[in-house]
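Please look through the structure shown here before reading on.

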Amino acid sequence: MDAMTESQGERVTRTHCPYCSLQCGMTLQRKGRTALEVLPWAEFPVNEGGLCRKGWTAGDLRGHRERLTTPLVRDRATGELRAAGWDEALDLIASRIQQLQTSYGADSVAVFGGGGLTNEKAYQLGKFARVALRTSQIDYNGRWCMSSAASAGNQAFGIDRGLPFPLADLEHADVVVLVGSNMAETMPPAARHLDRLRERGGKVVVIDPRKTATADRADLFLQPVPGTDLALAQGVLHLLDAAGAVDEEYVAARTTGWDEVRRSVASWWPERVERVTSVVTSELRELAALLANNRKVMILTARGAEQHSQGTATVLGWINVALALGLPGREHAGYGCLTGQGNGQGGREHGQKADQLPGYRMIDDPVAREHVARVWGVPPESLPGKGKSAYELLDSLGSTESGGGGGARALLVFGSNIVISAPRATHVTQRLESLDLLVVCDIVMSETAALADVVLPVTQWAEESGTMTNLEGRVILRQQAAEPPKGVRSDLDVIAGLAERLASPVPFGTDVEEIFAELGRASAGGKADYSGITYDRIRDEHGVFWPCPAVTDGPAHPGTPRMFADAFATPDGRARFLVVEHAGPAEPTDDAFPLHLTTGRVLAQYQSGAQTRRVRALPDDGPFVEIHPMLALRIGARDGDAVVVRTRRGEMKAPAKVVTTIRPDTVFVPFHWVGANRLTNDAFDPSSRMPEFKVCAAEVTA
Ligand code: SF4
């Protein structure tokens, strides 16, 4: 079947789910004027027709009664949002941007993007910020998702691609170790690969403070204290070295830095690891033996390991284990990160990150600036430098008189619901409220849109085309399946309309295929080289893995499903062992806050819930506080009783969910609703600038 066909008068389109980084293939069949029926796409190899309930119900947002269909402008007299025309709204935004930049400089206007935007939008947004706004202040919510793994990958391998192999390779491994991943609930179709691995006799290891649905499938489950995954990795490496399990030949031929790392883990005796992590020595030895006695081992980290003030160091600790075993580059083995957001990978490759230009080029590299400026048709010296990371940007918003950090006075938000998803959310909300201008593009009135001075109604996934890059580095194509509602425009139209009004030195187009071709030219020669990828190739090949450079004098480059077979992307081609030391959470527990608070997702909801909370077929019971029966007894709460969670930043009240699957010293709150991120800590990793969403000190009372 072609990518898009007419079938008995009903249009059928092959596309991908609007939500997580698995980007499951699906078929959409149009029914009537607005309805879209989700059907399987069995041939797409990542999910083979399988979807989770979020995917099956994705069509329900079409025609939703809360869908925004007209621009809204806040009336200065009444303080209320009122309907406006597109020209009025865009003229207003442009004139206020010009006033602010005239008074306070180019950096007084900031842009905040999202890990769910298509590659084309992420690319245009980065270009718009640097060329039309001339601001350095652009970052995106993907900074809060996978940036620690990205930072570690760049340091150790010289490149950041979530999985350096196709997901289906999991089935052929001997052992898969999941560090801080609840794959069975966050991306259920991926868990089938674990099931097949176990049917073949392979083993699954899960490391998580909660015994999740994924842990239920594990052959070995370790339940460390939150924030101690790095100590666990150090202990594993210590045991592997002591057992003579290090692949000395691989280490000598393909890596640097082993001697220093070997010395650094010498003191991580199992008893010390047990004291820090609470994982008993017998379990630690069992894990080390599994790794030592199997050749095809995969170690995968996810948010549980990464969203820490030591997230980068933690990932590097596990990469050290993988390198010692000689895994990266070996068939059906290696280290990988399970990215989270739909386009978490592509979103950070093409320029909406504060320090990057398209193709994963660094903005402070003169050669990179020269190349990208030539593609954009502007002088390299006109491009601003590196801006602030996502949380730092938000923390600095507003004048110092308003309690801000003297940062930007206007913020344009594309594809992000900051009020729900930012750490220390009460403080961030105050910063948003202090702005002279807040513009939000969204499909519904999200909590962030409700604060805006101007809200622009934009198209959603099935109403537009564009590429995404999934967790495997596979560039896939979302295809338009239906017309958008009247009055709604694409983010690309918004960018083009504003660029024109701001007298951008170069025009901004809206044709996605032309934008993708320009993105390819801008990325050519960079680490994330997309220049050999075309829409036709993506359709024909079930996606194309980057890097895929254009070839002018021979057969097309096949793309790169598997990386590191011969060399790493470092200057000397060798992977780097890097010394890291466990320091623990930025906010340790104490008498006032004796518990560890950790946050995460539930099966039926996605990210801030702006979309999934509005899908009636998905259960929405609101937030809850997961606690152990021993803790429930201590505070005198029963299952379902309202309890209050407090941290140094705020508090929230929600029903207790009493379960034996969580550690007695730990509390879990899902982050899809208002509340969880009022509690979280804004301490962040010094390298990735990723906040510590996964652990802070808390108290719970009935
Ligand atoms: Fe697949 Fe993720 Fe969509 Fe579920 S939410 S259907 S796992 S892409």
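What follows is a walk through selected parts of this model, which is a predicted one.

Begin with a sheet. Strands of a sheet pair through backbone hydrogen bonds, either parallel or antiparallel. Here 5 strands form an open sheet, and reading across it gives the order β11-β10-β9-β13-β14, with parallel pairing. At the edges are β11, residues 220–222, and β14, residues 334–337, each of which pairs on one side only. On average, neighbouring strands of this sheet are turned by 15° against each other, direction ignored. Helix α12, made of residues 281–292, packs on the sheet and touches β9, β10, β11 and β13. The direction of α12 makes about 130° with that of β11. Within the sheet, β13 covers residues 297–301 and is joined to β14 by 4 bridges. Ile299 stands opposite Tyr335 in β14.

Strand β20, residues 466–469, runs antiparallel to β21, and 4 bridges join the two. In this pair, Thr469 stands opposite Val475 of β21. The two strands form a hairpin with 4 residues between them, where Gly473 takes a positive phi near 80°. Strand β21 also has 2 bridges to β22, residues 544–545, again antiparallel, and Val475 stands opposite Val544 in β22. How many of the 5 residues of β21 are buried? The count is 5 of 5. Both faces are covered, with Arg474, Ile476 and Arg478 on one side and Val475 and Leu477 on the other.

Next comes a helix. Helix α3, residues 119–132, has 14 residues and reaches 19 Å from its first C-alpha to its last, close to the 20 Å expected at 1.5 Å a residue. All 14 of its 14 residues are buried. Just after α3, Arg134 takes a positive phi of about 55°.

Now turn to a single residue in a loop. His672 lies between β28, residues 666–670, and α24, residues 676–679. Is His672 buried or exposed? His672 counts as buried because its relative accessible area is 0%, and buried means under 20%.

How values were computed:
Residues numbered from 1 in each chain as written. Predicted model: local features only at pLDDT ≥ 70, side-chain atom pairs only at ≥ 80, totals over all residues. Heavy atoms only, no water. Pairing = 2+ DSSP bridges. Axes fitted to C-alpha atoms, helices over the stretch in contact; angles between N-to-C directions. Contact = heavy atoms within 4.5 Å. Expected span 1.5 Å × (residues − 1). Buried < 20%, exposed > 50% of the residue type's maximum accessible area, 1.4 Å probe, protein only.
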